[in-house]
Amino acid sequence: MENLEGINGTLIWYYYICPREVWLIGHSIESDQENDFLVLGRHIHDIYYKRQKKEFIIDNTIKIDILPDKKVIGEIKRSSKFLKSARMQVAFYLFYLKQKGINMEGELLFPEERKREKVILNKEIENELEKAVENIRKILQKDKPPSPTKILYCKNCAYKEMCWS
Ligand code: SF4
């Protein structure tokens with residue numbers, strides 16, 4: 001069984017976007033909470049989702065949303081631009097639950113785009129998650145964050161002031 005202690009869905013999400021952000025979040029470096037895109041993300045979450053979902057916290061670390069009408073893990077995203085990250089984040093929740101003997105399916109919701117996508121765990125994804133968990137641990141063990149690399153995500157990142165000013 002894979003040791004997932006200290007790893008959560010947010011770290012997995014950022015692992016597929018920016019390793020520097022994994023380090024910053026993992027070391028509790030505060031981001032700009034009033035970043036417009038973070039505020040918008042929270043807003044969308046409230047409008048589209050709050051009344052439908054049930055939130056659970058497992059082992060004091062993993063926060064998952066269950067869609068009661070479907071009995072699936074749901075994850076809402078503002079856009080499908082970072083689809084791989086979103087898929088792997090939901091897959092991680094499924095993987096985590098599977099290790100506890102609970103088999104579920106996942107669903108990604110993109111309300112602004114009126115899109116949804118199923119996420120189903122398979123051996124290939126599990127292997128990839130194991131590798132991601134190992135790499136995240138390596139990133140977090142470093143004394144300093146990886147250097148910033150300009151990517152599409154930087155434009156809306158809550159750490160952009162820290163990285164690029
Ligand atoms: S601003 Fe860019 S480089 Fe810096 S943490 Fe965010 S995504 Fe990573």
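Visitor: Great. What kind of model is it, and how many helices and strands are there in the chain?

Guide: It is a predicted model. The chain holds 6 helices and 5 strands, and from the N terminus on their order is α-α-α-β-β-β-α-β-β-α-α.

Visitor: And how much of the chain is buried?

Guide: Of the 165 residues, 41% are buried.

Visitor: Which strands does β4 pair with, and is each pairing parallel or antiparallel?

Guide: With β3 (residues 72-76) the pairing is parallel, over 4 bridges. With β5 (residues 115-119) the pairing is antiparallel, over 5 bridges.

Visitor: Start with the β3 side. Which residue of β4 is the bridge partner of Glu 75?

Guide: That would be Leu 108. To get from β3 to β4, the chain passes through helix α4 (residues 83-99), and this β-α-β crossover is right-handed.

Visitor: Is β3 itself mostly covered or mostly open?

Guide: Mostly covered: 5 of the 5 residues in β3 are buried. Val 72, Gly 74 and Ile 76 point one way from β3, with Ile 73 and Glu 75 pointing the other way.

Visitor: Now the β5 side. What stands opposite Glu 107 there?

Guide: Lys 118 in β5 stands opposite Glu 107. Leu 109 has Arg 116 as its bridge partner in β5.

Visitor: How many residues lie between the strands of that hairpin?

Guide: There are 4 residues between β4 and β5, and in this hairpin Arg 114 takes a positive phi near 50°.

Visitor: Switching topic: which residues surround the ligand?

Guide: The list is Cys 18, Glu 21, Pro 148, Thr 149, Ile 151, Tyr 153, Cys 154, Cys 157, Tyr 159, Lys 160, Cys 163 and Trp 164. By type, the shell divides into 9 nonpolar, 1 polar and 2 charged residues.

Visitor: Which helix gives the most to that shell?

Guide: Helix α6 (residues 160-164) does, with 3 residues. The space that the ligand takes is also the largest cavity.

Visitor: One last thing: where is Tyr 16 found?

Guide: Tyr 16 is in the loop between α1 (9-15) and α2 (19-26).

Visitor: Why is Tyr 16 classed as partly exposed?

Guide: Because its relative accessible area is 22%, and buried means under 20% while exposed means over 50%. Tyr 16 and Met 88 are 72 residues apart in sequence, with 8.2 Å between their C-alpha atoms.

Technical notes
Residues are numbered from 1 along each chain as its sequence is written. This is a predicted model: local features need pLDDT of at least 70, side-chain atom pairs count only at pLDDT 80 or more; totals for chains, interfaces and linings use all residues. Side-chain values use heavy atoms; hydrogens and water are left out. Two strands pair if DSSP finds at least two bridges between them. Helices (H or I, at least four residues) and strands (E, at least two) are DSSP runs, numbered from the N terminus. A crossover is right-handed if, with the strands pointing away from the viewer, the path from the first strand over the helix to the second runs clockwise. A residue is near a molecule or strand if one of its heavy atoms lies within 4 Å of it. On a 1 Å grid over the protein atoms alone, a cavity is a set of points where a 1.4 Å probe fits but cannot get out, and a pocket is an open set with protein on both sides within 12 Å along at least five of seven lines; lining residues have an atom within 4 Å of a point. A molecule sits in a cavity or pocket if more than half of its atoms lie within 2 Å of its grid points. Ala, Val, Leu, Ile, Met, Phe, Trp, Tyr, Cys and Pro count as nonpolar, Asp, Glu, Lys and Arg as charged, and the others, Gly among them, as polar. Buried means under 20% relative accessible area, exposed over 50%, partly exposed in between (1.4 Å probe, protein chains only).
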